[in-house]
Amino acid sequence: MSDRHAYETEKFRRMVAPELLSGLDTLPSFEWTNEVLAQVRSIDFRQMPAPELSARQATVYCEERFIPAPAGAPSVRVLIYRPPGSAQAPQPAFLHIHGGGYFTGAPELNEIYNRSFSSDQGCVVVSVDYRLAPETRYPGSLEDCYAALEWLYRHADELSVDRTRIAIGGESSGGGHAAALTILARDRGEVPVCFQLLDSPMLDDRTGSVSEPHPYNGKFVWTPESNRFGWRALLGVEPGGPDVPIGAVPARTLDLSGLPATCITIGALDLFLEETLEYTRRLIRAGVAAELHVIPGAYHGFPMAGTNAPQVQEWMRLRSDALGRAFSAAYM
């Protein structure tokens, strides 16, 4: 590492909240390439050791299912989390979409948080194991997510789910897919969605490609180079260009009216901060009830710092409370 690079790295590290520095040291610092992707793909996230669960999280029942997919596509694998006890009345549901740049990841990576949502909110959580890029380009993975949403809606009685209280959410690229899925559900008009919960969402392919670089954001974990790699994998074309399909990129959608209430959380040092600020502004201008929470000193993926960090505790509380309010409002 050159002296100049070391100086720049230390300068940006000083902007990170002290409680989150330990998490930063555990997260990968490499740039994504096809070779790196092949190495990461050699890890089967489904076979990784189960995370340590609290007594409350352990009471949540988890079931794996394979549901019908779009025509010609393989079945979609989902994990279904149910709160303990027999449902006395239809429960709300949360369709979760995992992150991973559109090209990696699995539902198991969010085991703790999905169990917490199910237990704390008394809701059914369905987490989608969608097909990954670049083997599956847009719209394949988004159609997998829609198939899971439609299945959840059609099988609501079997799952003891209230069809009027189905929310969608995800983290990073999962947040991008969740935003795109919410728009797709609005346009198709087949499944009502009561709420979307987006964390550090990957919303705009132009970030890191044609937009002006941010002087401080995107220095850790997920960089402009990583962003170009992820969007290129999903789209099959260079990000930022005129031939990018609008349906793949929520920020390119011209009309955001008629979308459900929205809560977005993001770190102040995240590469996606400015696209998230703009997306929230556009939602509000379109008449959507939207709230945005910016976590000071937080980088992309900062919850990896662990639940002892006050920023992670606040992030968990904000998201859980917002989901609970949405379910209560839809119920009334």
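This is a predicted model: local features need pLDDT of at least 70, side-chain atom pairs count only at pLDDT 80 or more; totals for chains, interfaces and linings use all residues.
Reader: Happy to dig in! Why is strand β2 called mostly covered?

Author: Buried means under 20% relative accessible area, and seven of the seven residues in β2 (residues 76-82) are buried. The strand is therefore called mostly covered.

Reader: Which residues of β2 point one way, and which the other way?

Author: Val-76, Val-78, Ile-80 and Arg-82 point one way, while Arg-77, Leu-79 and Tyr-81 point the other way. All of them are buried.

Reader: How do you know that β1 and β2 pair?

Author: Two strands pair if there are at least two bridges between them. Strand β1 (residues 61-67) and β2 have seven bridges, in the antiparallel sense, so they count as paired. As a landmark, look for Phe-66, which stands opposite Arg-77 in β2.

Reader: And what makes β2 and β4 a pair?

Author: The test is again at least two bridges. Five bridges link β2 with strand β4 (residues 124-129), also in the antiparallel sense, so this pair qualifies too. Here Val-78 stands opposite Val-128 in β4.

Reader: What is the order of the strands in the sheet?

Author: The order is β1-β2-β4-β3-β5-β6-β7-β8, in an open sheet of eight strands with mixed pairing.

Reader: Why are β1 and β8 called edge strands?

Author: Each of them pairs on one side only, and β8 covers 290-295. From one strand to the next, the twist averages 20°.

Reader: How do you know that β7 and β8 pair, and in which sense do they run?

Author: The cut-off is at least two bridges; six join strand β7 (residues 261-267) to β8, so the two are paired, and they run parallel. In this pair, Thr-262 stands opposite Ala-290 in β8.

Reader: What makes you say that helix α5 packs on the sheet?

Author: Contact means heavy atoms within 4.5 Å. Helix α5 (residues 111-121) touches β1, β2, β3 (91-97), β4 and β6 (195-199). The direction of α5 makes about 45° with that of β2. Another helix, α10 (residues 273-285), lies across β7 and β8, running at about 160° to β7.

Reader: Nice. What lines the largest pocket?

Author: There are 40 lining residues, and Leu-27, Phe-45, Leu-109, Asn-110 and Met-304 lie nearest the centre of the pocket. About 1,500 Å³ of space lies inside. Helix α5 gives the most to the lining, with three residues.

How values were computed:
Residues are numbered from 1 along each chain as its sequence is written. Side-chain values use heavy atoms; hydrogens and water are left out. Buried means under 20% relative accessible area, exposed over 50%, partly exposed in between (1.4 Å probe, protein chains only). Helices (H or I, at least four residues) and strands (E, at least two) are DSSP runs, numbered from the N terminus. Axes are lines fitted to C-alpha atoms, for helices over the stretch in contact, and angles run from 0 to 180 degrees between N-to-C directions. On a 1 Å grid over the protein atoms alone, a cavity is a set of points where a 1.4 Å probe fits but cannot get out, and a pocket is an open set with protein on both sides within 12 Å along at least five of seven lines; lining residues have an atom within 4 Å of a point. Grid points are joined across faces, edges and corners, and a volume is the space filled by probe spheres set on the points.
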